Amino acid sequence: MSVACRLRAGVLEPLEDRLTVILTESLECFAQVKRLLVPLLHRHRMALLTAPAVFAALLLFWAVLGSTDADVAPLYKDPAQPVEARVADLLGRMTLAEKVGQMTQIERLVSTPDVLRDNFIGSLLSGGGSVPRKGATPQEWQAMVDGFQKACMSTRLGIPMIYGIDAVHGHNNVYGATIFPHNVGLGATRDPYLVRRIGAATALEVRATGIQYAFAPCIAVCRDPRWGRCYESYSEDRRIVQSMTELIPGLQGEVPKDFKSGMPYVAGKNKVAACAKHFVGDGGTVNGINENNTIINQEGLMNIHMPAYLNAMKLGVSTVMISYSSWNGKKMHENGDLINGYLKGTLNFKGFVISDWEGIDRITNPAGSDYSYSVKASINAGLDMIMVPNNYKSFISLLTGHVNSGAIPMSRIDDAVTRILRVKFTMGLFENPYSDPSMADYLGKKEHRYLAREAVRKSLVLLKNGGKTSDKPLLPLPKKATKILVAGSHADNLGYQCGGWTIEWQGDTGRTTVGTTILDAVKAAVDPSTAVVFAENPDADLVKNGGFSYAIVVVGEHPYTETKGDNLNLTIPEPGLNTVQAVCSGAPCATVLISGRPVVVQPLLAASDALVAAWLPGSEGQGVTDALFGDYGFSGKLPRTWFKSVDQLPMNYGDAHYDPLFPLGYGLTTNATKAY
């Protein structure tokens, strides 16, 4: 951008706006002065002498007028005014540079006070693993967010930024937060009210760090477990996914009785803006390949992948994130028919539409090869805010150029900014832009951990209970025994237990955050007289000669996220199966399977006396032992069809070739008992 252009955008345009307001409001006053002044000059022969004095009086008049105007707060700063009036007033005061800034979301790592002020940035985010420091406290998060906010509030119009984060199973980026089961496990609970309570707890923990916006819920309908994001989907059944949109009022608050579907709603400073994602068809790609092509007719798209968005509109979701994927070959990030036409038109969505991380870059192949086209195509298709997240200079320059050239109409920019401001005003961000220090204690709160523990035990699906050597059920296990064995790679690994999107984008291994491993939980559950032996991968002889009353083996998938989780064979990594076979050949055994989806399970079934699908349970391992030892009964039901062979995939309930190992909805039950 030339010096002249920067001068106009940064200095002259704001000055022109201000002068226009002053001149408009003062025309009548000026006319009255003119009517008095001209006769005065005609009557006095000393006109040339009096003119300087009159001119000075006029300057004084203008100064007083400007001072009076400045003392009156702009309408948009008055919380008593209607939201739409405040939006219109603020929009009318904004320059193009300020509007483009509101449409720009950048990563915290490229953010500085000068960057935020100079570019009028409207939103920041933390990507997976992007934190102030490893193990940062809530107070450190608050200080970071508030520092960014102060820079944004220091701009000419003082528009607060909105900070977003992937809080997809609790506030999972933050050390010490409560980590809830991933969505696939919540789908197994069939308990929308539980999910709403999880949303409310998550909102408090997100606000504890000063953040106001959660990129959740994912309302994808995963139709193929080979997809690396299948655990982010509640179910293959859109009806289960629809019921789980109750996370939205948990995060945002319950909409009032007179609420109009499609409007954004956030109840106040203890709630956060939610984000329904990824619009639309992300769970239906060919062979479950992440970010790929969903080949389906319009009827199929509307009947399977779209319904949960109707629920989201009725619940007041504030934002919608667009999918990386394509529908019948057309990238969703440039699909104006579905974004402008269906989402904003038919569904009457009035919140803002946001891209995924570098989502517009991936319109072209290779990604970013024609960024100018990607900017133009995505904005014209109806995207309002772009998760840039790093290359903000290029984005701002290109978007500004497209507007000035007429390639993107100003009406499209005004629509985008109107929607962004509507969300910010609705959620009270102008009145409460900064963190509340008193909320820091909500992070990892004891009551939230109890809630997560409840969610874990309700999510467990009992696939087998007895039958290897006896028809007698193995579960529940007795708490009082001479000696028991706990084994397996996942028994004492909190990172594995939580899965992807935990502390790091791809998840991690080890004691990555605060929580209770399944081994910890077993030790806490059994009678004090029971000896607990842990061996991660014992050999068969040790087990046979160990004198164990029974064994608990915990194995499964390693953490993954997105494309790195795409898997065509769906077998668990070794030594998982070897461990199960070694242990279960020497003692009665219950196998606990940690996975984000159904996997090849027949060898585990054959080796085990009992088999539990525990999904990705999160930080509260005691939820697993609550059911294993009979304090609560097993009640979870499969949210997904469990295949016999990957050659059957994709296979979903209702398909003509439906021949599962375990059907959608399967799950054995037990009764609570005093298991001593």
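A: **Helix, sheet and cysteines**

In this predicted model, helix H17 covers residues 446-459, 14 residues in all, and reaches 20 Å from its first C-alpha to its last, close to the 20 Å expected at 1.5 Å a residue. The buried residues of H17 are His448, Arg449, Leu451, Ala452, Glu454, Ala455, Val456, Arg457 and Ser459. Their cover includes helix H7 (183-189), helix H8 (192-208) and helix H23 (622-628), along with strand E12 (461-465) and strand E17 (610-615).

The sheet comes next. Five strands, in the order E4-E3-E2-E1-E11, make up an open sheet with parallel pairing. At its edges lie strand E4 (213-214) and strand E11 (386-387), each of which pairs on one side only. Strand E1 (residues 104-107) is joined to E11 in the parallel sense over two bridges, and glutamine 105 stands opposite methionine 387 in E11.

Now the cysteines. A disulfide is a covalent bond between the sulfur atoms of two cysteines. The whole structure contains two disulfides. One of them links cysteine 222 and cysteine 230, with an S to S distance of 2.1 Å. The torsion about this S-S bond is -105°, and the link of cysteine 222 and cysteine 230 is left-handed. The cut-off for buried is under 20% relative accessible area.

The other disulfide joins cysteine 584 to cysteine 589, with an S to S distance of 1.9 Å. Because the torsion about the S-S bond of cysteine 584 and cysteine 589 is about 105°, this disulfide is right-handed. Cysteine 584 counts as buried at 4% relative accessibility, and cysteine 589 is buried with a relative accessible area of 0%. With bonded cysteines counted along the chain, the disulfides follow the pattern 1-2, 3-4.

Two further cysteines deserve a note. Cysteine 275 is buried, at a relative accessible area of 0%. The closest cysteine sulfur to that of cysteine 275 belongs to cysteine 218, 9.8 Å away, which is too far for a bond.

Note on methods:
Residues are numbered from 1 along each chain as its sequence is written. This is a predicted model: local features need pLDDT of at least 70, side-chain atom pairs count only at pLDDT 80 or more; totals for chains, interfaces and linings use all residues. Side-chain values use heavy atoms; hydrogens and water are left out. Helices (H or I, at least four residues) and strands (E, at least two) are DSSP runs, numbered from the N terminus. The expected span of a helix is 1.5 Å times one less than its number of residues. Buried means under 20% relative accessible area, exposed over 50%, partly exposed in between (1.4 Å probe, protein chains only). Contact means heavy atoms within 4.5 Å. Two strands pair if DSSP finds at least two bridges between them. A disulfide is a pair of cysteine sulfur atoms within 2.5 Å.
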